[in-house]
Amino acid sequence: MEVSSLPISASHRGKLISAGYSSLSSLSSVSPSKLAQDLKISENEVLEILKVVSARKWVDKIENRSHAIMNGAQTAWDILHEEESSICITTSCSDLDEILGGGIRCKEVTEIGGVPGIGKTQLGIQLAVNVQIPADYGGLGGKAIYIDTEGSFMVERASQIAEACAEDMLEYNSLLRKDSQACRVDKPPKAFMDNIFYFRICTYTEQIAVVNYLEKFINEHKDIKIVIIDSITFHFRQEFEDMALRTRLLSGMALKLMKLAKKFNLAVVLLNQVTTKYNEGSFQLTLALGDSWAHASTNRIILYWNGNERYAYIDKSPSMRSASAPYAVTSRGIRNSASNCKRVKLM
Amino acid sequence: MANKPISEMGLPKSIANVFAARNIITAKDALSLSEFELMELLDVGFEEVMLAVAHISEITCPPYNTAMSLLEQRNQNEYLAGHLPTRLKGVDAALCGGIPFGVVTELVGPAGIGKTQFCLKLALLASLPTSYGGLGGRVIYVDVESKFSSRRMIEMGFSSFPEIFHTEGLAQEMAGRVLVLRPASLLSFVDSLQQIRVSLLQHHVKLLIIDSMAALTSGRIWPGTPRHHPLGWHISFIKSLAECCRIPVVVTNQVRSQVRDEASRYIFQVQSRTDTMEDPSKFDSHLVAALGIHWAHAVSIRLVLESRSGQRLIKIAKSSISPSVGFFFNITSSGISLLSDEGVEMMGPEANTIHCQGLI
């Protein structure tokens with residue numbers, strides 16, 4: 001273990017190395033007062049450095065003693081078990097759930113993009129409601145965080161979708177669970193609305209701040225199972241002359257979100273906009289924020305129009321193959337496309 | 001929030017001084033750097049930097065609301081739970097009450113279809129006293145193309161609310177509530193926006209109309225990097241105006257011709273050449289909304305006005321709470337009136353296409 005890679009301030013590191021202490025073992029046998037003399041810093045600062053050193057050494061010891069071959073690694077078999085027993089968040093459209101392998105997965109970052117009016121916010125609100133479906137009905141029974149950067153979240157619509165979900169649950173209850181009256185779980189629409197935590201973000205600084213703050217927030221409010229950011233693009237599409245800064249900030253944010261997803265076992269859904277790209281002689285639509293951002297998410301879903309129907313296409317996924325599925329936006333939320341059934345009723 | 005100085009955030013003195021010494025004054029400066037960059041710049045350990053950044057983030061982050069509390073606030077504090085009724089029954093029903101507060105609503109359509117008429121009617125409706133169903137407040141009308149006609153507005157008033165308008169002095173009172181701004185250029189528009197922000201709260205402004213947005217950016221030579229969207233900052237500003245003052249903002253947009261090779265497909269949508277040639281929808285509609293796709297993403301409600309074989313149609317093209325539906329309408333002395341309150345359902349992306357057939 002080298003001193004040059006310790007997470008201490010640069011000047012302390014420089015002083016240690018120029019005084020000849022280049023490895024951790026050399027620091028183990030020296031007394032704090034001698035070190036203070038050698039480095040010409042105060043004893044308090046030396047004690048801080050030694051604290052960091054001993055923390056690092058403890059980690060090294062664990063590495064050598066653990067039964068796993070590498071610290072922090074998990075065997076593929078364990079991961080398979082985990083994945084099979086994890087519950088996905090349904091999108092309320094069975095065709096869409098099928099191509100997603102059950103729904104939106106936890107521990108993964110899913111990016112969903114499309115042209116304006118295709119239904120990205122609708123899908124976001126539907127997921128914020130569906131994550132709260134209790135375990136008895138096959139859901140996660142969790143809470144949702146909705147980070148709104150554009151002001152597209154409409155409470156009336158969330159209320160409509162929550163009511164429709166509660167009605168569907170009641171119907172399911174009466175149809176299929178007539179025998180088990182005892183474990184009826186009643187979830188009024190008001191309860192759904194109470195469990196959606198809404199942040200309104202007005203600048204990119206606030207966006208970075210909220211992603212940083214999420215860790216503390218999720219620690220305080222248990223059971224958060226989905227974080228939806230609608231949209232991740234809006235504040236990064238303007239006022240950036242420095243594209244390199246934008247890429248750095250975006251990738252930093254993507255890493256933090258991925259860490260959050262893994263640490264708290266929740267799903268992160270990012271909604272993105274579209275832009276045009278010149279490719280092979282013609283302009284084509286593509287998701288915004290550039291090519292380097294395309295690597296940031298685990299899964300990528302593109303929503304598009306095909307004729308008169310809305311379709312979703314899996315553009316990128318480590319486990320599901322590329323496929324399209326139709327879906328519809330109804331007054332009750334996202335549902336299966338009713339291509340040969342009765343037309344959607346007007347309100 | 002982003003420009004809040006770090007010195008006021010309650011960080012421990014030692015680290016706050018270090019931030020100030022390295023010229024990192026506001027939260028924006030601090031959060032634009034990664035933790036490692038901060039560590040190098042400030043010459044402090046990783047733990048300290050993490051704690052400082054977490055603290056700054058917590059203070060900078062706006063407070064949260066549950067969706068339930070938002071709904072309750074709207075229902076209690078706002079007129080009709082935050083909607084301005086347009087008095088067109090079908091449209092109001094589809095929009096759950098009317099033009100919503102706090103978001104940008106866009107009216108787009110070819111020239112002469114009735115966008116300005118619609119705006120005049122909305123200005124009238126907002127200035128009506130609350131006892132008669134209006135918002136009882138001032139209206140700021142940004143008239144870029146000098147199309148505002150107060151005579152027409154008052155004519156609409158007399159025609160739609162004859163019993164109210166014949167009251168002595170009411171017409172004058174209401175016309176007195178509509179403030180018309182005529183910016184000559186984008187620059188003076190920007191100045192006006194800053195003024196508007198200040199006066200919005202002080203003077204009980206209840207509606208902001210910008211007619212039209214596209215005219216502000218057309219015919220103007222832009223210095224600077226061509227990659228930049230000239231309206232980027234303005235879009236955010238207008239949206240934030242709408243939101244913090246909780247007023248409806250109505251913006252009109254023009255149309256332009258569609259370029260032959262307009263991007264409408266993704267790379268995975270393979271289209272053979274023959275299909276592209278024979279696509280009938282391409283022949284029918286050669287108009288698209290101006291201002292581009294970035295603007296299209298930014299508006300929350302888009303109402304498309306068009307003409308099909310001489311019949312005028314108003315369509316709800318983008319809205320999170322309404323289905324895609326259109327209503328045929330006429331322009332009468334009282335503004336716009338629907339031919340029927342039963343809408344026509346718009347299938348698929350048809351709601352977004354703009355036709356201009358038969359409109360002389």
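In this predicted model, 67 residues of chain B are in contact with 73 residues of chain A. The area buried between chain B and chain A comes to about 6,200 Å², and carbon and sulfur atoms give 63% of this area. On the side of chain B, the residues that lose the most area to chain A are B:Tyr266, B:Phe268 and B:His297, which together account for 12% of what that side buries.

Charged side chains also take part in the contact between the chains. Side chains of opposite charge can pair when their charged atoms come close. Between chain B and chain A the count is five salt bridges, and a salt bridge across the two chains is formed by the side chains of A:Arg13 and B:Glu40, with a distance of 3.4 Å from N to O. Over all chains, the count by this rule comes to 21 salt bridges. Within chain A, the side chains of A:Lys107 and A:Glu82 meet in a salt bridge with an N to O distance of 3.1 Å. Because A:Lys107 lies in the loop between helix 6 (94–99) and strand 1 (109–114) of chain A, while A:Glu82 belongs to helix 5 (residues 76–85) of chain A, this pair ties together parts that are 25 residues apart in sequence.

The division of chain A was considered next. Chain A is divided into domain 1, which covers residues 3–73, and domain 2, which covers residues 86–346. When the centres of these two domains of chain A are taken over C-alpha atoms, 45 Å separate them.

The largest cavity holds about 90 Å³ of space, and its lining consists of 13 residues, of which A:Leu100, A:Arg105, A:Asn299, A:Ser317 and A:Met320 lie nearest the centre of the cavity. The elements that give two or more residues to this lining are strand 8 (299–306) and strand 9 (309–316) of chain A. Sorted by class, the lining of the largest cavity has five nonpolar, five polar and three charged residues.

The second largest cavity holds about 40 Å³ of space, and the residues that line this cavity are B:Thr86, B:Leu88, B:Phe118, B:Lys121, B:Leu122 and B:Ile336. Helix 7 of chain B, which spans residues 115–127, gives the most to this lining, with three residues. By class, the lining of the second largest cavity divides into four nonpolar residues, one polar residue and one charged residue.

Several features of the backbone were also noted. In chain A, the peptide bond that runs from A:Asp230 to A:Ser231 is cis, with omega near -10 degrees, and A:Ser231 is found in the loop between strand 4 (224–230) and helix 11 (243–264) of chain A. In chain B, the peptide bond from B:Asp211 to B:Ser212 is cis, with omega near -5 degrees, and B:Ser212 has its place in the loop between strand 7 (205–211) and helix 12 (213–217) of chain B. A further feature concerns A:Asp223, for which phi is near 75 degrees, a positive value in a residue other than glycine. A:Asp223 lies in the loop between helix 10 (204–220) and strand 4 of chain A.

Definitions and conventions
Residues are numbered from 1 along each chain as its sequence is written. Chains are lettered from A and ligands numbered from 1 in the order in which they are written. This is a predicted model: local features need pLDDT of at least 70, side-chain atom pairs count only at pLDDT 80 or more; totals for chains, interfaces and linings use all residues. Side-chain values use heavy atoms; hydrogens and water are left out. Domain bounds come from an automatic or database domain assignment. On a 1 Å grid over the protein atoms alone, a cavity is a set of points where a 1.4 Å probe fits but cannot get out, and a pocket is an open set with protein on both sides within 12 Å along at least five of seven lines; lining residues have an atom within 4 Å of a point. Grid points are joined across faces, edges and corners, and a volume is the space filled by probe spheres set on the points. Helices (H or I, at least four residues) and strands (E, at least two) are DSSP runs, numbered from the N terminus. Ala, Val, Leu, Ile, Met, Phe, Trp, Tyr, Cys and Pro count as nonpolar, Asp, Glu, Lys and Arg as charged, and the others, Gly among them, as polar. Contact means heavy atoms within 4.5 Å. Buried area is the accessible area (1.4 Å probe) that two parts lose on being put together, summed over both. A salt bridge is a side-chain nitrogen of Lys or Arg within 4 Å of a carboxyl oxygen of Asp or Glu.
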